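This briefing covers one protein chain, from its overall make-up to individual residues. Please keep the sequence and the 3D view at hand while reading.

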Amino acid sequence: PRRSLAGGHSAGANRRQATPDRQGMNVATRGLAVLLWAAGLAWTPSPAQAAELTVVLVRHAEKAEDDPRDPALSEAGQARALALAQALAASPPDAIYATHLRRTVQTAGPTHGASGAALSIRSAQEPAADLASHILERHARGTILVVGHSNTLPDIVQALTGVAVPPIDEQEYDRVHVAILSPGTTARLVTFRYGAPSVPPMAE
């Protein structure tokens, strides 16, 4: 499978943008630790890695047509939410952030249930910079899951890492960004796919 990394500065002053590299790895049945190892990011217990903060960022899963303002997940979306929980099972999050809308809460649901991590509900209109600052202030290390929307997730990624990522297509539900942040170092960003493909594989 294709694999590559993208670098940018962690949230703070003097950030520079970088063009993210992407990989087409599907990890519906792999843990985050396996994913990061495969992407070339060692995941071994060490003091340096214990001080790192890993933020997993996904868009909500496929939505149903039951409510145009606040739809639930469709059957495909429910399957994807389970796939997300399975992908994170080996490295469960310590905290989860979702918006107040049902589709993000339901996407986070299986992971929340499996991990027991605290689920924080945020406004979908919250500025990306404010959420990024909150996460960085509250969490110095560990793994955090953020479930957002197609029109918010790229901005959150950039606010956390300084890396500009491509827009998310309306029919794109399978993209995951993993930001690895450590004070005083350049942020690392891995992008991959999980669950059933929702769009053609990412270009080289």
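Helices here are DSSP runs of H or I with at least four residues, strands are DSSP runs of E with at least two, and both are numbered from the N terminus. On that basis, the elements of the protein chain follow the order β-α-α-β-α-β-α-β-α-β-α-β-β from the N terminus on. The model is a predicted one.

**Overall make-up**

- The secondary structure of the protein chain amounts to six helices and seven strands.
- The protein chain has 204 residues, and 50% of them are buried.

**Helix α3**

- Helix α3 covers residues 75–87, which is 13 residues.
- The expected span of a helix is 1.5 Å times one less than its number of residues. For α3 this gives 18 Å, and the end C-alpha atoms of α3 are 18 Å apart, so the expectation and the model agree.
- The buried residues of α3 are G77, R80, A81, A83, L84, A85 and A87.
- An α-helix has 3.6 residues a turn, so residues three or four places apart point the same way.

**Helix packing**

- Helix α4 (residues 102–115) packs against α3 with the two axes 8 Å apart and at an angle of about 40°. That angle makes α3 oblique to α4.
- The crossing of α3 past α4 is right-handed.
- Helix α5 (residues 128–138) and helix α6 (residues 153–161) have axes that come within 8 Å of each other and cross at roughly 50°. The pair α5 and α6 is therefore oblique.
- For α5 and α6 the crossing is right-handed.

**Buried strand residues and their contacts in space**

- V56 belongs to strand β2, which runs over residues 53–59. V56 counts as buried because its relative accessible area is 2%, and the cut-off for buried is under 20%.
- T191 is 135 residues away from V56 in sequence, while their C-alpha atoms are 9.8 Å apart in space.
- R175 is in strand β6, residues 175–181. With a relative accessibility of 7%, R175 is buried.
- Between R175 and S198 there are 23 residues of sequence separation and 9.0 Å from C-alpha to C-alpha.

**A loop residue**

- S74 is in the loop between β2 and α3. Is S74 buried or exposed? S74 is buried, because its relative accessible area is 17% and the cut-off is under 20%.
- K63 and S74 are 11 residues apart along the chain, and 4.9 Å separates their C-alpha atoms.

**Aromatic rings**

- A pair of aromatic rings is described by the distance of the centres and the angle of the planes.
- Rings of Phe, Tyr and Trp pair if their centres lie within 6.5 Å. The count of aromatic pairs by this rule is zero.

Key. Residues numbered from 1 in each chain as written. Predicted model: local features only at pLDDT ≥ 70, side-chain atom pairs only at ≥ 80, totals over all residues. Heavy atoms only, no water. Phe/Tyr/Trp six-rings, centres within 6.5 Å; stacked < 30°, edge-to-face > 60°. Buried < 20%, exposed > 50% of the residue type's maximum accessible area, 1.4 Å probe, protein only. Axes fitted to C-alpha atoms, helices over the stretch in contact; angles between N-to-C directions. Parallel < 35°, antiparallel > 145°, perpendicular 65-115°, else oblique. Left-handed = near helix turned anticlockwise from the far one by under 90°.
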